[in-house]
Amino acid sequence: MAEKAKKLADPVAASYDVASQKMIKRAQDLGVETVFDRAANMKPCSIGAGGTCCKNCSMGPCRLPLPKGGIEGKDERKGLCGATANTIAARNFIRMIAGGASAHSDHGRGVAEVFMAAAKKKTEAYKIKDTTKLLAVAADLGIATTEEVDGEQVQRNIDEIAVETAEAALNEWGKSEGELLYAKSKAPAALYETWKKNGVVPRNIDREIVEIMHRTHIGVDQNYQNLMKQGTRAAIADGWGGSMLATDLQDILFGTPYPVASEANLGVMKKDMVNLVIHGHEPILSEIIVAVAQTQEMIDYAKEKGANGIQLSGICCTGNELVQRHGVPLCGTFLQQELAIITGACDAMVVDIQCIMQNIANVANCFHTKLITTHPIARMEQDLEPGNVSHIEFDEHHAVRDATRIVKIAIDNFTNRKAEVMIPEEKSPIIAGFGVESIEYHLGGTFRGSYFTLNDNIINGRIRGVAGVVGCNNARTRHNEGHIEVVKELIKNDVLVLTTGCNAIACAMEGLLTPESAAVYCGPGLAEVCETVGIPPVLHLGSCVDNSRILLAAAEVVKAGGLGNDIRDLPVAGSAPEWMSEKAISIGHYFVVSGVYTVFGVTMPTSGAPVFQDYIFNEYEKLYGGMWDFEIDPIKHAHKMIAHIDKKRKALGIDKARERVLMDMSDRQALD
Ligand code: NFS
């Protein structure tokens, strides 16, 4: 029988973004396959997507489809060992948390190791940049920052503080006793008490992840509630541990982000320049590449080769890290990594860890693009084969040497462009790089340096609430559409949006990260606040490990007062409209158990086990104040979040204030 012809994706149906549509079409014209075409040809398994396929032993995979028409009466479905649908879905769910938490936390560990090398001055390339943050982090890790001299408290030697902080930080991954230090020092006191009461305060980061793998092995934990307890521990260890340490230590090493102007989308690439695209997650590598690429020596070398200079741009969270600290433009989201190469202008793409599609190796081999893997834990089978893919192991002790080699490869490749260059013109201006510190400054009004004004604007109703909208792209849904529609609906309803990850890049591409977008898209209250203080209605808070910044901003709002005494009391909600990675599940879960109502789109890996799903969708609110929800339709998705925000406003007794603020003058006069 003849092989069935492969289907091609419809570019317009596949992506909301015009630049991406053009590149998908171009790829098809050139016969280069992309993720969009693969999605058109391979259907996902509905049983796995619903969470009820168990492959934790070789008697399976045991697949437990949800009967058509749902479960009537008792759910009799079982795997060979007798595991119920609830057990299987809970096991799979917490294994996803383990995957996500380990990715974030191992990234954090890598940063902590470099931080230690910098503190001990064993590396030339990395230095401590932000000593104010170092002192704050040291205190949160229990390191004394002052000492008594002649009866007075004076600051201790900063180098000693740095080494002790590095030791304390690294200890968080594997200490043999005690509990995660940030749980107590950074989370609101009421939240810590909730975790204590539920018995879920993490002991250390690694242990909680390992214990998930143990408990989900065949024949261990067979109670979905108990399994979730462990999932919760590991998620807290991620959000308030591994991820938060990654963010804090990166800020100390590379500087705490501050609002910076840049641009986003494939149109940031330049035909007449060497295009080096940096993709992945850890700033350890990319920071040095940026420094090297900006040296006169490299710029001159690029000019010798006939280029007008070097254009760096970033994909995925490396993009977010680089834009927030250096204004390096964002090239695109997760689903645009192949498309950047298809422009024919990508002279080199350098990758480290996470969210790197193996197919970029095949795409690179169709063009002149040199693809360089750099991390010992993230190689590709293609980096051993002849072709454009190679491995340069990046070593922090020889960071500048390695980065120079990589930048030179890109420059040397400029003259080898084969295909006609076709860079879409689409790009948007953006302001990125907000954080706990800059929100405090920008929204501080006359009281610069406090959260009071933000709280006041929430209390008086100009800002209805705050949403954290985050997460990936997913080729099972139209690229970026869910992100944009959810965010636009939220800001239209006066909800301030904090964004990270690929949602941040999607919003950037749509022009939502500019102060000017407030007048176009926001409700009257939020527009007024944004226009007064000059901020965008969607604040870019960085990469996915920087979701910890959202937690900390929420903790600051609690501290500033007037809105309850825990995150669960705040008019806030979380969302990941196009999630796909295990990291997103870990993030979603630490949002939930920190007290945030969190809605996911596309699919929900619990839908095949209704009892278990009900437990984390509804029962969890009683345990943690936050709970999961699922909604594919972006407008309904946003309105579920708004309904939760309104519920919290009502509970705080501030629902009436908002009605007053939104009345116009004639309404108010009529009332008088
Ligand atoms: Ni986050 Fe960053 Fe994007 Fe998803 Fe991947 S890049 S860590 S996982 S796809 S948001």
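This is a predicted model: local features need pLDDT of at least 70, side-chain atom pairs count only at pLDDT 80 or more; totals for chains, interfaces and linings use all residues.
Residues are numbered from 1 along each chain as its sequence is written, and side-chain values rest on heavy atoms, with hydrogens and water left out. Local features need pLDDT of at least 70 and side-chain atom pairs count only at pLDDT 80 or more, whereas totals for chains, interfaces and linings use all residues.

Two packed helices are described by the angle between their axes and the distance between the axes. For helix α20 (residues 481–492) and helix α27 (residues 634–652), the angle is about 40 degrees and the axes lie 8 Å apart; the two are therefore oblique to each other, a class that takes in angles not under 35 degrees (roughly parallel), over 145 (roughly antiparallel) or from 65 to 115 (roughly perpendicular). In the contact (heavy atoms within 4.5 Å), G482, E485, V486, E489 and L490 of α20 meet P634, I635, H637, A638, H639, M641 and I642 of α27. By class, seven nonpolar, three polar and two charged residues make up this contact of α20 with α27.

S438, found in helix α18 (residues 436–442), counts as buried because its relative accessibility is 0%, where buried means under 20% relative accessible area with a 1.4 Å probe, protein chains only. When residues up to four places away in sequence are not counted, S438 touches Y258, P259 and G433, while a polar atom of its side chain lies 2.8 Å from the backbone nitrogen of G435. Between S438 and H639, which are 201 residues apart along the chain, the C-alpha separation is 28 Å; H639 is one of the α27 residues that meet α20.

Notes: Axes are lines fitted to C-alpha atoms, for helices over the stretch in contact, and angles run from 0 to 180 degrees between N-to-C directions. Helices (H or I, at least four residues) and strands (E, at least two) are DSSP runs, numbered from the N terminus. Ala, Val, Leu, Ile, Met, Phe, Trp, Tyr, Cys and Pro count as nonpolar, Asp, Glu, Lys and Arg as charged, and the others, Gly among them, as polar. Buried means under 20% relative accessible area, exposed over 50%, partly exposed in between (1.4 Å probe, protein chains only). A polar contact is a pair of N or O atoms within 3.5 Å; within protein, one must be able to donate a hydrogen and the other to accept it, and residues adjacent in sequence count only if both atoms are side-chain atoms.
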